[in-house]
Amino acid sequence: FGKVIVGRGAINQKGPEAAFLAALHAIRASGRKLPVNLVLVAEGEEEIASPNFHQIVQTPDVLKALKTCEGVVIPSAWQTSNGAVQINLGAKGPMEFQLVSTGAKWGRGPAGDVHSSYHASVDSPTWHLVQALNTLVSPDGHTPTIDGWFDNVRPLTAREKQLIAQTAAGNSEAEAKKALGVKVWINDEPWQASLERLASQPTVNIQGLVAGYTGQGGKTVLPGRAEAKLECRLVPNQTFKEAEAKLRAHLAKRGFGDIEVNVSGGYDPTETAEDSRVIRAQQAVYSRFGVPQTLNPRLAGSWPGSVFTQPPVSLPAGQFGLGHGSGAHAPNEYFVVESSNPKVQGLAGSTMSFVDFLYQIASVR
């Protein structure tokens, strides 16, 4: 893609944020007045599922300022190699949590690590945790089986399926697989079906699993503690509170009530109408830049848009920006500074797109 900056946060989220701030500096340096008023709200806990962001947004002075707004955007830079962008009309909601199994809490197994020979007569908190984890998904390894998990899941609408079909037609499956380092989708599904699954299905994912000794060679130990880090992705009309309650009830019903469930953060899914001014302004700017665009019902990932789209704020919210970056959360995460691809904007083009967006949102009726 050209000259890039590499490092954690390059695309998620520092590069696009820097481009937006550069746009504000450029307008000020030119002696121009901003075409709109801005309310800037920032948080530092998005990667741990924003446990306190709702408190910030609902602080009286912040809420009063937000009530004067037309909508909310977070800066992005997600152009593909052919220059195309997706306009996201929502995102899944996350629930971040940790499951901890200990002999002390279970009342079985050792209070601490003991010699592995005792496994013939002493229970294993590690296997106890593994067995609990196995109840959360079906044998296929991905379909959630938590009691009542799908009770409130809203199926894709006809319009959402239509939008996904357009996305499938306008984007490269091969490029998506290459970016993820995968050869096939779940169940060997075709491209469009996999995108429908991505938008519509809630998930239960193990982020990490640790117990006992994991260094070089072996160690004859029966661990007294095991823990797993997990996250769930929620879709409309699930809620964060509902998901937590169902998870706890599911484990308790199956004899795993002793396992600690430590929920560290989460929030509800978010949705924004495609006819909102925020979305229409994005479409107009992308069209002016000659950028192919598709509407996407929702991101498979999450951002705390629900603190804006739900009461008491109740504003449309989404992402906007030209440019490119990838590898979020990976050591080689990057953001394009000087683009060698004429279809993809670098930092200057990304900055200009934000200038255009501010003027466009001021003129949309």
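**Salt bridges, a buried asparagine and nonpolar cores**

In the predicted model, D123 is partly exposed, with a relative accessible area of 29%. Its salt-bridge partner R108 is likewise partly exposed, at a relative accessible area of 47%. The side chains of R108 and D123 come together with an N to O separation of 2.7 Å. This pair links distant parts of the chain, since R108 sits in the loop between α4 (103-106) and β6 (114-115), whereas D123, 15 residues apart from it, belongs to the loop between β6 and α5 (125-134).

Side chains of opposite charge can pair when their charged atoms come close, and 20 salt bridges are found in the structure. One of them joins R277 to E70, with 2.9 Å between the closest N and O atoms. Because R277 is located in helix α10 and E70 in the loop between α3 (60-66) and β2 (72-75), the pair ties together parts that are 207 residues apart in sequence. E70 is partly exposed, its relative accessible area being 44%.

A salt bridge within a helix is formed by the side chains of K246 and E242, at 2.7 Å from N to O; these residues are four apart in helix α9 (residues 240-253) and are therefore separated by about one helical turn. Both partners are buried, K246 with a relative accessible area of 18% and E242 with one of 14%.

The side chain of N88 makes polar contacts with the side chain of N296, at 2.8 Å, and with that of Q319, at 3.3 Å. When residues up to four places away in sequence are left aside, the residues touched by N88 are W78, I279, N296, L299 and Q319.

In soluble globular proteins, nonpolar side chains tend to be buried together. The largest nonpolar core comprises 25 residues, of which Y286, L295, F320, F354 and L358 touch the most other members. Two or more residues are given to this core by each of α1 (10-29), β3, α10 (277-288) and α12 (347-363). A separate core of 23 residues includes A226, L234, I259 and V261. L295, apart from residues up to four places away in sequence, touches I87, L89, R159, L163, T167, E274, I279 and Q283.

Note on methods:
Residues numbered from 1 in each chain as written. Predicted model: local features only at pLDDT ≥ 70, side-chain atom pairs only at ≥ 80, totals over all residues. Heavy atoms only, no water. Polar contact = N/O pair within 3.5 Å; in protein donor to acceptor, adjacent residues only side chain to side chain. Contact = heavy atoms within 4.5 Å. Core = buried A, V, L, I, M, F, W, Y, C linked by side-chain atoms within 4.5 Å. Buried < 20%, exposed > 50% of the residue type's maximum accessible area, 1.4 Å probe, protein only. Salt bridge = Lys/Arg side-chain N within 4 Å of Asp/Glu carboxyl O.
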